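Here's a quick briefing on a protein model. Have a look at the structure first, then we'll go through a few spots.

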Amino acid sequence: MNELRRLLPYLKRHRAMFLLGFVFVTISNIFTIIVPAIIGHTIDLINSDAYSQAQYGEVIVEVLKILLYSAIAGVFMFLTRRTIIVASRKIEYELRRDMLAKLDILPQRFFQQTSTGELMALGTNDVPAAREFIGPAIMYTANTLTRCLFALMQMLLLSPLLTLWAMLPLPLVSYVTYKIGKIVHVVFRRVQDQYAVLTSRTQENLSGARVVRSFVREDFEAKSFAALSKDYLQRNIKLVKVQALTMPLMMTLIGMSQVIVLYVGGKMVIADEATIGTLAQFFMYISILIWPVISIGWVTNIIQRGAASMGRLGKVFDATPDIKDSDKTDHSIDNLQGRIEFKNVHFRYDKQLPDVLSDISFRLEPGETLGVVGETGSGKSTLVKLLPRVFDCSKGSILIDDVNLRHIPINTLRSGIAVVPQESFLFSATIADNVRFGNPDASEEDVREACRIAQLDEDVSGFPDGYDTLVGERGITLSGGQKQRTSIARAIVRRPAIIIFDDALSAVDTNTEEKILRGLESVMKSRTSIIISHRISTVQKADKIIVIHDNHIAEFGTHDELLQAGRYYADMYQRQLLEQEIAEM
Ligand SMILES: Nc1ncnc2c1ncn2[C@@H]1O[C@H](COP(=O)(O)OP(=O)(O)OP(=O)(O)O)[C@@H](O)[C@H]1O
Ligand SMILES: [Mg+2]
């Protein structure tokens, strides 16, 4: 239940609405409870020996009162919903908004441990479950409490003995409610778990649809999905069975109450200890109490579900971004010049894992270009992830403009660096919007210029809607090379002090590569650039080149120096020359 405390700030923010809701529900229930009293009184009036024409008018007045009071009760019940349920919808919106805002600042590490499906289920399942606690659960609790209180008061005034008898089955109702609630909770949890598995699987299958098809795994995937789906169905059927049992069981218990009242009350009427009106009034109270008493069980479930959901949401809300501004941050730094220095930098992905990078040191002046080559898996991408602080280095220090990265405000740092990642990610928007993602203030001309440099403009002019062409989910309608170049244009339009290309030309032919590099010259002249590549041709013009091998810098120098050295780099160059010659034969 502690988990529900997380909702307090949200409830507090909307406390006026909730207070108003309580006032409304109280008024509604006062009028609901008065009606049976009037009916009882009217029955006794009609039943009395003294009933005469003169009282006919009185009966009419009573009937009109009943109509009026019922209407008032209805109006206030409507107002209760309008306040409490509306507030719960607002809180649902705030919860979802806060969750996404939090997800946006959580570290990469978090997403390595949590699947997308699990996170989707939080938004689609757990946030609504929390809302049900805030809305219906709170509203029905308030309703049950006030209604039971007023009804009991009335019943006790009429006949304490009969009240006692009528209430006899109540503890049993509570007990059964509690038991069923517990079972429902366990079963529901199993449903939720399977739902998360199912969402994960669906999401992976959809985004990996091409892979599934090309490996002819449709049958396999369909079968295993069907199995998971069936499991989900069975868990749901079990839930339905338990839930289906609730209502009849409650009705039986309530029925017991009515039977007792009929028996005891009937005897009282016969013995002239109570009037028929009183007995009728009692029956009405019992039927008025049916729903609130049943709703106790229902509300218990919602509260338990809400608590479980808030527990799961807590995983997001409690996670802290491990990389953030601290008291050492120098907020006066608002832009970067682009001088980069690595001093004996070590990095490992986890304490238990070995170093991926060890003892890396180099220095780049603003405007210089660094080429990085090395075998696959040698740590090149990891190296550049340290600059925008996707990860912090484990040992050593990284300086930009001679200031430790950790002292630069994260926002300044990240706005000053543009990365063209190894795997481009495009949004399902237009080409222009995808490029402008790099810099929302970019003008149309800026976007076109960036695309010209990235050699994308010719491709775009061939598209049906030019720059307004939608690229489909993750850019599915574009070729690998077109996606990469969109990604490059996105980085260019950002006008960063530092620009990083992580194997960003791997999907274009050498010819296009040359054109892009030539176009980039003007861009790179004024910025510090890091180019990672498997191709010597991409890095050979760089001012400095490092070769990463066995986690450390194995070679360092210019293209010519490295050829002279005749080691790994020179080998690689020879091999690629040969490949090119063969290709050109
Ligand atoms: N998030 C991660 N958690 C744990 N280990 C990782 C993670 N990312 C990468 N690694 C490991 O770190 C090493 C370096 O990976 P990295 O991506 O930096 O290589 P790379 O040089 O960029 O390779 P490639 O040329 O194939 O892109 C690899 O052994 C990889 O398995
Ligand atoms: Mg890489």
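The backbone oxygen of Gly374 sits 3.0 Å from a polar atom in the side chain of Lys380. This is a predicted model, where local features need pLDDT of at least 70, side-chain atom pairs count only at pLDDT 80 or more, and totals for chains, interfaces and linings use all residues. Residues are numbered from 1 along each chain as its sequence is written, ligands are numbered from 1 in the order in which they are written, and side-chain values use heavy atoms, with hydrogens and water left out.

**Around Lys380**
- Lys380 belongs to helix H11 (helices are DSSP runs of H or I, at least four residues, numbered from the N terminus).
- Lys380 is buried (under 20% relative accessible area, 1.4 Å probe, protein chains only).
- Lys380 has no salt bridge (a side-chain nitrogen of Lys or Arg within 4 Å of a carboxyl oxygen of Asp or Glu); Asp503, the nearest side chain of opposite charge, is 6.6 Å away.

- Ser381 counts as buried because its relative accessibility is 17%.

**The sheet**
- Four strands (DSSP runs of E, at least two residues) make an open antiparallel sheet, ordered E2-E1-E4-E5.
- E2 and E5 each have a single partner strand, so one side of each lacks a neighbour in the sheet.

Definitions and conventions:
Buried < 20%, exposed > 50% of the residue type's maximum accessible area, 1.4 Å probe, protein only. Pairing = 2+ DSSP bridges. Lys, Arg positive; Asp, Glu negative; His and termini not counted. Polar contact = N/O pair within 3.5 Å; in protein donor to acceptor, adjacent residues only side chain to side chain.
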